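Please take the sequence and the model together, and ask of each label what value stands behind it.

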Amino acid sequence: MMLTPVVRTILLLNIGLFFVSAAGISLIDTFGLHSFLSPLFKPHQLVTHMFLHAGFGHIFSNMLGLFFFGPRLEEVWGSKRFTIFYFFTGIGAGLLFSLVNYYEMSQVRDALAIVQENLAPDVVINYLDRFAPDLFVRYESLLTAYEQNPGSGELGRNVLNLVNSSYQEQVNVPMVGASGAIFGILMAFGLLFPNTELFLLFPPIPIKAKYLVAFYGAYEIYSGVYKAHDSNVAHFAHIGGMLFAYLLVRYWGTQRNKFY
């Protein structure tokens with residue numbers, strides 16, 4: 001398969017930055033996409049997060065998708081249109097993810113304010129049960145001691161520090177990866193070449209592009225809404241990439257005589 005110019009450039013940029021990060025030069029804190037509620041958020045992160053990855057498996061799967069599906073779209077659209085599409089879907093993915101994250105983290109922030117005003121054991125337990133259940137195991141002795149002795153100022157300060165730290169950890173976790181744009185490319189491929197047969201590796205069966213796109217879309221919506229076990233996956237970024245791709249491809253379709 002021949003690589004097209006923009007696909008080649010995106011591949012090289014992503015791989016180059018991956019090796020820069022692997023060499024120990026920290027990029028994610030500055031260029032990863034942080035929550036709108038985080039003091040670390042900067043507008044440029046809506047673009048730069050698309051070129052950073054969290055590990056080899058992460059970048060391999062994304063660049064594999066770009067390698068297989070990107071060139072066909074660039075051949076059809078041309079380099080300029082493909083570049084517009086890639087950034088439109090990637091930024092759109094980041095926006096949808098950020099809006100959902102803002103809604104979710106606003107609930108955490110408001111619940112934290114209640115804890116800060118009333119540090120009663122039942123209030124703390126309710127907060128942790130809803131927003132940080134893993135802390136029950138990690139800090140069982142501290143929480144048990146505070147529940148048994150809620151009047152202790154030292155224990156109260158430790159519990160408050162724990163709750164505050166938990167919120168800061170959650171709100172400052174960055175999102176990285178080209179997945180939103182790659183899912184956008186997959187959506188566009190399914191729309192333009194719906195009956196093209198693709199051969200899956202797992203399971204090793206052929207499937208038409210339109211059915212593969214429908215499956216991925218349904219899975220991402222289910223996983224995003226019902227919090228699938230792989231909670232480190234930004235499902236709403238994937239949904240955002242597919243949604244913005246659908247809108248742009250449909251819009252371009254109405255401009256066909258100006259486009260092809």
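This is a predicted model: local features need pLDDT of at least 70, side-chain atom pairs count only at pLDDT 80 or more; totals for chains, interfaces and linings use all residues.

Q: How do you know what confidence the predictor has in the chain, and which elements have the lowest and highest mean pLDDT?
A: On the pLDDT scale, which gives the predictor's confidence in each residue from 0 to 100, the chain has a mean of 90, and 94% of its residues reach 70 or more.

Q: Why is glutamate 220 called buried?
A: Buried means under 20% relative accessible area, exposed means over 50%, and partly exposed is in between, with a 1.4 Å probe and protein chains only. Glutamate 220 has a relative accessible area of 3%, and is therefore buried. Its place is in helix H11 (residues 209-226), and of the 260 residues of the chain, 43% count as buried.

Q: What makes the pairing of glutamate 220 with histidine 235 a polar contact?
A: A polar contact is a pair of N or O atoms within 3.5 Å, where within protein one must be able to donate a hydrogen and the other to accept it, and residues adjacent in sequence count only if both atoms are side-chain atoms. The side chains of glutamate 220 and histidine 235 make such a contact at 2.6 Å.

Q: Why is asparagine 62 called buried, and what does it touch?
A: The relative accessible area of asparagine 62 is 5%, so this residue counts as buried. Asparagine 62 lies in helix H4 (residues 56-77) and touches His53, Gly177, Ala178, Ser179 and Ile182, not counting residues up to four places away in sequence.

Q: Why does alanine 181 count as buried, and where is it found?
A: At 2% relative accessibility, alanine 181 counts as buried; this residue is found in helix H10 (residues 179-192). Leaving aside neighbours within four places in sequence, alanine 181 is in contact with Met50, Tyr86, Thr89 and Gly90.

Q: What makes the meeting of aspartate 110 and arginine 109 a salt bridge?
A: A salt bridge is a side-chain nitrogen of Lys or Arg within 4 Å of a carboxyl oxygen of Asp or Glu, and the side chains of aspartate 110 and arginine 109 meet at 3.4 Å, N to O. The structure holds two salt bridges; arginine 138 forms one with aspartate 134, the closest N and O atoms being 3.1 Å apart.

Q: Why is aspartate 110 called partly exposed?
A: Aspartate 110 has 41% relative accessibility, and so counts as partly exposed. Arginine 109, at 33%, is partly exposed, and aspartate 134, at 42%, is partly exposed.

Q: How do you know that phenylalanine 36 and phenylalanine 41 form an edge-to-face pair?
A: Rings of Phe, Tyr and Trp (its six-membered ring) pair if their centres lie within 6.5 Å; planes under 30 degrees apart count as stacked, over 60 as edge-to-face and the rest as tilted. By this rule the count comes to 16 aromatic pairs. Phenylalanine 36 and phenylalanine 41 form an edge-to-face pair, with 4.9 Å centre to centre and 75° between the planes.

Q: Why is the pair of phenylalanine 189 and phenylalanine 193 called tilted?
A: The ring centres of phenylalanine 189 and phenylalanine 193 are 5.1 Å apart and their planes are at 55°, so the pair is tilted. Both phenylalanine 189 and phenylalanine 193 are buried.

Key
Residues are numbered from 1 along each chain as its sequence is written. Side-chain values use heavy atoms; hydrogens and water are left out. Helices (H or I, at least four residues) and strands (E, at least two) are DSSP runs, numbered from the N terminus. Contact means heavy atoms within 4.5 Å.
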